[in-house]
Amino acid sequence: MVPVIKFGTSGWRGLIARDFTFDNVRLATQGIAEYLKAELANPQSAIHGRKPVVILGYDTRFLAREFSLAAAEVLARNGLMPLLCNRDTPTPVIAHTIRARKAIGGINMTASHNPAEYQGLKFSTHDGAPATPEVTGQVEANIARLITENWSFNAAVTGTFQCKTIDPQPDYFKQLRKLIKFSVIKKARLKVAVELMHGTGHGYLDKLLKQSGAKVTVFHDDLNPLFGGHHPEPNADGMREVSRFVRSGKARLGLGLDGDADRFGIVDKNGTWLTPNQVLVLALYHLKKNRHWTGAVVRTVPTSHQVDAVAEMLGVKVYETPVGFKYIGALMEKEPVIVGGEESGGLSVKGHVPEKDGILACLLMAELVATEKKSLGEILREIERLTGNFYTDRINVAIPPEKKEALLARLGSGLPSIGPFKVEKFITTDGFKFLLPRGEWVALRASGTEPLMRCYIEARSRAQLGKLRAACQQLLKG
């Protein structure tokens, strides 16, 4: 069977032992190695003439370290210099290490918040950012050519290749100490519950909080490649145990990370899970009002316009990008951006990596609570008194494959209204976004992997949210 290695928004993912095999990892790595060698030889390339160091890291999934060693052996055979992280490592830490060590790129074995039976290979370029579609397109073309040439690799016994290792933690901690006011957290003596989801965040988020004097109760910091039978995702369901603990009064704040620590989950003092939209609003509010940072804010198409309302209130410019943190990161590399984020739980700030960092997001929320001496919910209510309320929802609607093209054509030509709601503006930056009266909107995107339409809705009242939800379901089923 010819392997199908396609890079999506966060690299190549596949089922372990079916798609994600040692042979396929070696093949994908050879495609990356050939791309990097061509760039090193290109006088116009940003990495021309650099030492050919490639950072390798991995998450807590089955065989993750062994997959990394397989990649390291291929890179070494190509004359490149692999450096392997000394333990399972968060994605944002790998991104920072690529930059700190002036590496030419990085390969991270992670399937992030996907179920346990998946693994992934994420390629990052020299700036620590996820490789762009232009770059992964070249890698995929290399892989396709290698398949036609019947490329093969005479490998050492799996897991036995000797690779030089590094400890990326000290450099990353030094970076976070520049961005977070740990002295403020220390004064507050916070009681915090931390959900690590058997992932790479152990010894990072909990350690930093303990070092800053917080009383920390840790959940699921042991290594378990099955993630306790759950998806390692810090959504409301994944944070349920922490929510109960916080609600019982044993902690003032709940902080959580997904399997590779690039996404965050935040639980308020009363046990309420906050949406990533709300966390982005709070981060912007805090960094502008309390820290006096300057610059713009970046959000993706389906992210809440409450971000825009807070930005307008604070005199901050807003940029809208397609879905995928790589687009946010690219903009953050070009100009001053206070904070960039997306509704799926990704966030980074000025002076940091162009990659999602859940550890940073969690620490920012702890810093905000410590600074204002109020709960996050209280701060949100103060913001809402100034901006009004925003209610968001996302629904997935199954679309029969034979009806998909006709539906996309109809949406793509624009609509005069959605149900009884008049469309005031039509945006096609990513999918189809319809701006409605009173600052309400609907955004529709076809899933790239399933026969679904993802429908994002924002309304200014709960009742209106229900009406818009019904209108969208009617539109997609009609």
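Predicted model: local features only at pLDDT ≥ 70, side-chain atom pairs only at ≥ 80, totals over all residues.
**Cavities, a pocket and a run of paired strands**

Numbering starts from 1 along each chain as its sequence is written, and side-chain values rest on heavy atoms, with hydrogens and water left out.

Back to that cavity: helix α2 (residues 64-77) gives the largest share of the lining, four residues. (Helices are DSSP runs of H or I with at least four residues and strands are runs of E with at least two, numbered from the N terminus.) A cavity here is a set of points on a 1 Å grid over the protein atoms alone where a 1.4 Å probe fits but cannot get out, and a lining residue has an atom within 4 Å of a point. The space inside comes to about 40 Å³ in the second largest cavity, where volume is the space filled by probe spheres set on the points, and points are joined across faces, edges and corners. Sorted by class, its lining has five nonpolar, two polar and three charged residues; Ala, Val, Leu, Ile, Met, Phe, Trp, Tyr, Cys and Pro count as nonpolar, Asp, Glu, Lys and Arg as charged, and the others, Gly among them, as polar.

Two cavities of 30 Å³ or more turn up in the structure. The largest holds about 50 Å³, and F7, G8, T9, S10, G11, K122, F123, P130, A131 and T136 line it. That lining splits into four nonpolar, five polar and one charged.

Then there is the second largest pocket, at about 330 Å³; a pocket is an open set of points with protein on both sides within 12 Å along at least five of seven lines. Its lining takes in 16 residues, with M197, H230, H231, D237 and G238 nearest the centre. Helix α8 (residues 240-247) supplies the largest share, three residues. By class, the pocket lining has three nonpolar, seven polar and six charged residues.

As for the strands, β20 (residues 432-435) and β21 (residues 441-446) run antiparallel and are joined by four bridges, pairing being called when DSSP finds at least two bridges. K433 sits opposite A443 of β21. Five residues lie between the two strands of this hairpin, where R438 adopts a positive phi near 65 degrees. β21 also pairs with β22 (residues 452-459), again antiparallel, over six bridges, and L444 has C455 of β22 as its bridge partner.
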